Amino acid sequence: MRCQAVGRYTGRDANGGDKLSKADMRVTLAGVELRSPVIAASGTFGYGLEFEEIVSLERIGAFVTKGLSREPMAGNASPRIIESPAGMMNAVGLQNIGVHAFVEEKMPRLRGIPGVVVIANVFGYTIEDCVEVIHVLNDAPGIAIYELNASCPNTSHGGMVFGTDPDSLYQLATRCRHAAERPLMVKLSPNVTSIGQMARVCEDAGAQAISLVNTFLALAIDVETRRPRIANVTGGLSGPAIRPIAVRMVHEASQAVKIPVAGMGGITRAEDAVEFMLAGATAVEVGTASFADPRAVENIANGLRRWCASHGVARVSDLTGAMER
Ligand SMILES: Cc1cc2nc3c(=O)[nH]c(=O)nc-3n(C[C@H](O)[C@H](O)[C@H](O)COP(=O)(O)O)c2cc1C
């Protein structure tokens, strides 16, 4: 679909109103209407409450919780986050309070924030773990979508990452789809040969959306000590360093499926969000940028609205897949 030009931007409409308020920023992701396509990414926005005083949660599209597991997890040893050129590496190890504490302690407070849209990120080391997390979340009112992190090792199958093996991914997504009483979005690992194939597997399993990319597997070594700079040895690379690869993968995935795609990887400005949407994303997620500027998600959401107005884009959804060749 092409974006519709509506003439040169003047800042004012014929009645003297502000055109910024005229751009329609609504998108539909996994059957859920969001007021903006800009979403805070998992693991970089806590449980949302940490950002309540900094970001107007009701002005961004949604936020994704930290990954939630069946039991609380302490995460990996330090150092577990380092800076790298144009990005960062992390091996936080999916530290979280566990799904029960999330439902009992965080959800009641989140439900009290008008307009906030909560996407719960789910993970586990077996399919049963993931299904159990979803069952617990099903009983908690106020969650819009589940985002299933497929970048975890499947301990029942020799530790191979779910999202890198089509059969494991299909089984995981199918079982979680059946368990979920809310729309399921599967978050893909980029550490694969064919992202299009993995996207199709999720669609075939009944997922209502996919999101990508998670972090790229990486290694950094301190040449003086000759030791890995992260205690876990390897970590996940994120931030602007990965953006062009992520944009390519979002394009390939969106070409392979009909379900909506949430794109992410190194978005720091409104123009980056536009790039992902032109590549085929319906929505975008912002992760690492929140470490440098905690207000990044809201700033990008506002910037995207301004960008649409100044470029005569009446509906932000018209940008999706509008790359021209
Ligand atoms: C410190 C950190 C923790 C993360 N934790 C999670 C997580 O718990 N679950 C998940 O699906 N993705 C997690 N991610 C991946 C991000 O959500 C995102 O997919 C990735 O960082 C790429 O986007 P970015 O370049 O905008 O950060 C984490 C990323 C970072 C940097």
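A30 is buried, because its relative accessibility is 5%, below the 20% cut-off. Keep in mind that you're looking at a predicted model.

- A30 isn't a glycine, yet its phi is positive, at about 55°. You'll find A30 in the loop between β1 (27-29) and β2 (32-34).
- R226 is another residue other than glycine with a positive phi, this one near 60°. Look for R226 in the loop that runs between β14 (221-222) and β15 (227-228).
- Is R226 buried or exposed? R226 is exposed, because its relative accessibility is 74%, and anything over 50% counts that way.
- Going from S78 to P79, the peptide bond is cis, and its omega is near -5°. P79 sits in the loop between β4 (62-64) and β5 (81-84).
- There's a cis peptide bond from L212 to V213 too, with omega near 10°. V213 belongs to the loop between β12 and β13.

**Around the ligand**

- Which residues come nearest to the ligand? Out of the 23 residues around it, they are S42, K187, G239, G266 and T288.
- Sorted by class, that shell holds 15 polar residues, seven nonpolar ones and one charged one.
- For G67, a polar backbone atom is 3.3 Å from a ligand oxygen.
- With N149 the side chain is involved: one of its N or O atoms is 3.4 Å from an oxygen atom of the ligand.
- How much of the ligand does the protein bury? On its own the ligand would expose 610 Å², and the protein buries 95% of that.

- N214 counts as buried because its relative accessible area is 14%, which is under 20%.
- The side chain of N214 has a polar contact of 3.2 Å with the side chain of N149. N149 is also the residue whose side chain has an N or O atom 3.4 Å from a ligand oxygen.
- A polar contact of 3.4 Å links the side chains of N214 and S151.
- What else does N214 touch, setting aside neighbours within four places in sequence? Besides N149 and S151, its contacts are K187, L188, S189 and P190.

**Helix α3**

- Helix α3 covers residues 166-179, so its 14 residues should span 20 Å at 1.5 Å a residue. The C-alpha atoms at its ends are 20 Å apart, which agrees.
- The buried residues in α3 are S168, L169, L172, A173, T174, C176 and A179.
- What do those buried residues pack against? Their partners include two helices, α2 (127-138) and α4 (195-204). They also pack against the strands β8 (143-149), β9 (153-154) and β11 (184-187).

Technical notes: Residues are numbered from 1 along each chain as its sequence is written. This is a predicted model: local features need pLDDT of at least 70, side-chain atom pairs count only at pLDDT 80 or more; totals for chains, interfaces and linings use all residues. Side-chain values use heavy atoms; hydrogens and water are left out. Helices (H or I, at least four residues) and strands (E, at least two) are DSSP runs, numbered from the N terminus. The expected span of a helix is 1.5 Å times one less than its number of residues. Buried means under 20% relative accessible area, exposed over 50%, partly exposed in between (1.4 Å probe, protein chains only). Contact means heavy atoms within 4.5 Å. A residue is near a molecule or strand if one of its heavy atoms lies within 4 Å of it. A polar contact is a pair of N or O atoms within 3.5 Å; within protein, one must be able to donate a hydrogen and the other to accept it, and residues adjacent in sequence count only if both atoms are side-chain atoms. Accessible areas come from the Shrake-Rupley method with a 1.4 Å probe; for residues, only the protein chains shown count as cover. Ala, Val, Leu, Ile, Met, Phe, Trp, Tyr, Cys and Pro count as nonpolar, Asp, Glu, Lys and Arg as charged, and the others, Gly among them, as polar.
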